Amino acid sequence: MITNVANVLHHLNANDKLSHAYLLVHQDRDRLVQEALEAVQVLVCEEVTKEGRACKVCGPCCAVQSGNHPAVNWLVPDGASLKIAQMRMAIKQDRRMNSFTNRTFLVLEQADTLTAEAANSILKWVEEPAQDRLFLLLARSPMAVLPTLRSRCTILLLSSKQLWEEDSRQERFDQVKKLVLELGSLLATKDPATWYFASDRMAKDGETEDYPLFGELLMAFCRDAVAIHYGVTTDVFEQNGDFETQARALSPQTWTRLAMLFSGLTKRLKAHVNAMSLLESFLLQAIDTIGM
Ligand SMILES: [Zn+2]
């Protein structure tokens, strides 16, 4: 089930820690739309369930679903891109709306298609502090969004849980997960042995065909570490004492940076380049990222 973003935002909102702009990142556009829809619903819902999910039957939930909620402006590309004229119109509408609702919601589908001038036109709007407003930008890669805009958003990388649920090779899965736990622990403790992980551990216990899964699970490790910080349910790694200690050893920002780094690794592992030297070079970047 898709509950991740909604859960995170609901939790943050309940603790009065909701930020003003989130960049939701996942490869699958439909999945992003579903996540954003449910996230907006849970924030306007009149009957949130005890699991922190939108009821989907109250008036506000239905209005969001049908695209008729007055406080929600859902923007999709006009043709191939999100254009500056759309942004200007949205800003105008938002100013009107904002004066008579508690919070307005701006969802930008395919934010990676924002033209540079469109992205620049909303920079001030996105960070206008006095207004209660929530931006959800949906993109397939954080790197595809203009850095000035990206830096104003909190990045949420969505899980690909289904991907490994469909993986029937349970034994290999467990083996790869063990390797990821080892590496995760090295990263968390800034252990110099991180340097040798590729040649010492992967060369010995990893099989070439496992490398893409290794990359996916490594990202999952980073995401779950962030989940620990936010106090939400983890996806793959059990919330036991060890994992929690490792997760808390680095900041959520650092884990997010590492997840972004490893998402590049996964993509290239799938392209069957020389996996061992690739992993080595990414681990060097990871070491640099956490300042070992
Ligand atoms: Zn509801």
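Domain bounds here come from an automatic or database domain assignment. For this chain, the assignment gives domain 1 (4-158) and domain 2 (162-290). The structure is a predicted model, in which local features need pLDDT of at least 70, side-chain atom pairs count only at pLDDT 80 or more, and totals for chains, interfaces and linings use all residues. Residues are numbered from 1 along each chain as its sequence is written.

The chain has 13 helices and five strands. Helices (H or I, at least four residues) and strands (E, at least two) are DSSP runs, numbered from the N terminus. The C-alpha atoms fill a box of roughly 60 × 40 × 35 Å along the principal axes. The radius of gyration is taken over C-alpha atoms, and the globule rule is 2.2 Å times the number of residues to the power 0.38. For 292 residues, a compact globule would have a radius of gyration near 19 Å; the chain has 20 Å, which agrees.

Buried residues make up 38% of the 292 residues. A residue is buried if 20 or more other C-beta atoms, placed from the backbone, lie within 10 Å of its own. Two residues are in contact if their C-beta atoms, placed from the backbone, lie within 7 Å. Among contacts between residues at least 6 apart in sequence, 72% join residues at least 24 apart.

Helix α1 (residues 4-14) has as its buried residues Asn 4, Val 5, Ala 6, Asn 7, Val 8, Leu 9 and His 10. Their cover includes β1 (21-25), α2 (29-44), β5 (154-157) and α10 (211-230). After α1 comes Asp 16, with a positive phi near 60°.

The C-alpha centres of domain 1 and domain 2 lie 29 Å apart. Six residues of domain 1 are in contact with seven residues of domain 2. On the domain 1 side, α1 and β5 each supply at least two of the residues that touch domain 2. The largest share, three residues, comes from α1. By class, this side has four nonpolar, two polar and no charged residues. Ala, Val, Leu, Ile, Met, Phe, Trp, Tyr, Cys and Pro count as nonpolar, Asp, Glu, Lys and Arg as charged, and the others, Gly among them, as polar.

Confidence is given as pLDDT, the predictor's score for each residue, from 0 to 100. The chain averages 86, and 93% of the residues score at least 70. Confidence is highest in strand β3 (residues 104-108), at a mean of 96, and lowest in helix α7 (residues 161-165), at 46. Over residues 162-168 the pLDDT is below 50, and this stretch has five contacts in the model beyond near neighbours in sequence. Where pLDDT is low, the predicted coordinates should not be read in detail.

Key:
Buried ≥ 20, exposed ≤ 12 C-beta atoms within 10 Å, placed from the backbone.
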